[in-house]
Amino acid sequence: MTVTKLRLWTVDEYHQMIETGILDEDDRVELLEGQIIEMSPQIPMTAATTQHSSNYLSNLLTGLAYIRMQLPITLRPNSEPEPDIAVVRIVSNEYCDHHPTADEIFLVVEIANTTLAKDRRQKVRAYANANIPEYWILDVNERQVYVFREPGNDTYQQEIILNEEAIFSMVAFPEIAVSVGELFP
């Protein structure tokens, strides 16, 4: 039996593919744990939830953080995902010379319709290994939020599932109350 070895890519190699035109803006892909993965298309409810929750977080965090929607973050050595929302540090050049890196990221949010299993397995591992302090998955079907905290050992040590009536705070901004119901349109 022949075993085929999987070729994993680094962030630098991924950038070279973009620079040389092997990958372009029309390719809906992201680099995750060394693999170039096709991104799922968005249904209207997923897109609406992404926009709505991004606006809500932007209002809550005005002057405290940037809210980036569906833009790359660089998690060296081998991931450059495009989370639905990334809450990142405010920097003077607004990330003109690089994508936000793990030490500049407060929170990553994925909006899940059909991707819940992948977001709970592969993305949890990638974000935890990059030491992202907090990761949320907004489940549009159940209108609940999976909150992951305390990254370590390929996963997060804390996972909480909150329903629509819950109010909680972010690790980076404990003084700000977040309403789960307000994250959904």
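A residue is called buried when its relative accessible area is under 20%, exposed when it is over 50%, and partly exposed in between, as judged with a 1.4 Å probe on protein chains only. By that scale Glu-150, which has a relative accessible area of 47%, is partly exposed. Glu-150 belongs to strand β7, and its phi is near 60°, a positive value in a residue other than glycine.

The structure described here is a predicted model, in which local features need pLDDT of at least 70 and side-chain atom pairs count only at pLDDT 80 or more, while totals for chains, interfaces and linings use all residues. Residues are numbered from 1 along each chain as its sequence is written, and side-chain values use heavy atoms, with hydrogens and water left out.

The protein has three helices and ten strands, where helices (H or I, at least four residues) and strands (E, at least two) are DSSP runs numbered from the N terminus. Along the sequence these elements follow the pattern α-β-β-α-β-β-β-α-β-β-β-β-β. The radius of gyration is 16 Å, close to the 16 Å that the globule rule gives for 185 residues, so the protein is as compact as a globular protein of that length; the radius is taken over C-alpha atoms, and the rule is 2.2 Å times the number of residues to the power 0.38. Of the 185 residues, 46% count as buried. Contact means heavy atoms within 4.5 Å, and residues 24 or more positions apart account for 54% of the contacts with a separation of 6 or more.

In soluble globular proteins, nonpolar side chains tend to be buried together. A nonpolar core is here a set of buried Ala, Val, Leu, Ile, Met, Phe, Trp, Tyr and Cys residues joined through side-chain atoms within 4.5 Å. The largest such core has 25 residues, and those with the most contacts inside it are Val-87, Trp-136 and Leu-183. Two or more residues are given to this core by each of α2 (44-60), β4 (85-88), β5 (105-112), β6 (134-139) and β7 (144-152), with the largest share, four residues, coming from β5. Beyond its neighbours within four places in sequence, Leu-183 is in contact with residues including Thr-49, Tyr-56, Leu-57, Trp-136 and Val-178. A second, separate core of 20 residues includes Ile-73, Val-91, Ile-105 and Val-124.

Helix α2 can be followed in detail. At 1.5 Å a residue, its 17 residues should span 24 Å, and its end C-alpha atoms are 24 Å apart, which agrees; the expected span is 1.5 Å times one less than the number of residues. Thr-46, Thr-49, Thr-50, Ser-53, Ser-54, Tyr-56 and Leu-57 are buried in α2. Seen down the helix axis, the buried residues of α2 fall within an arc of 165°, so they line one face, the arc being that of the directions from the axis to the C-beta atoms. The cover over these buried residues includes β3, β4, β5, β6 and β10 (177-179), whereas Pro-44 and Asn-59, on the other side of α2, are exposed.

The loop between β3 (66-69) and β4 holds Thr-74, which is buried, with a relative accessible area of 6%. Pro-77 is found in the loop between β3 and β4 as well, and a cis peptide bond, with omega about 10°, joins Arg-76 and Pro-77.
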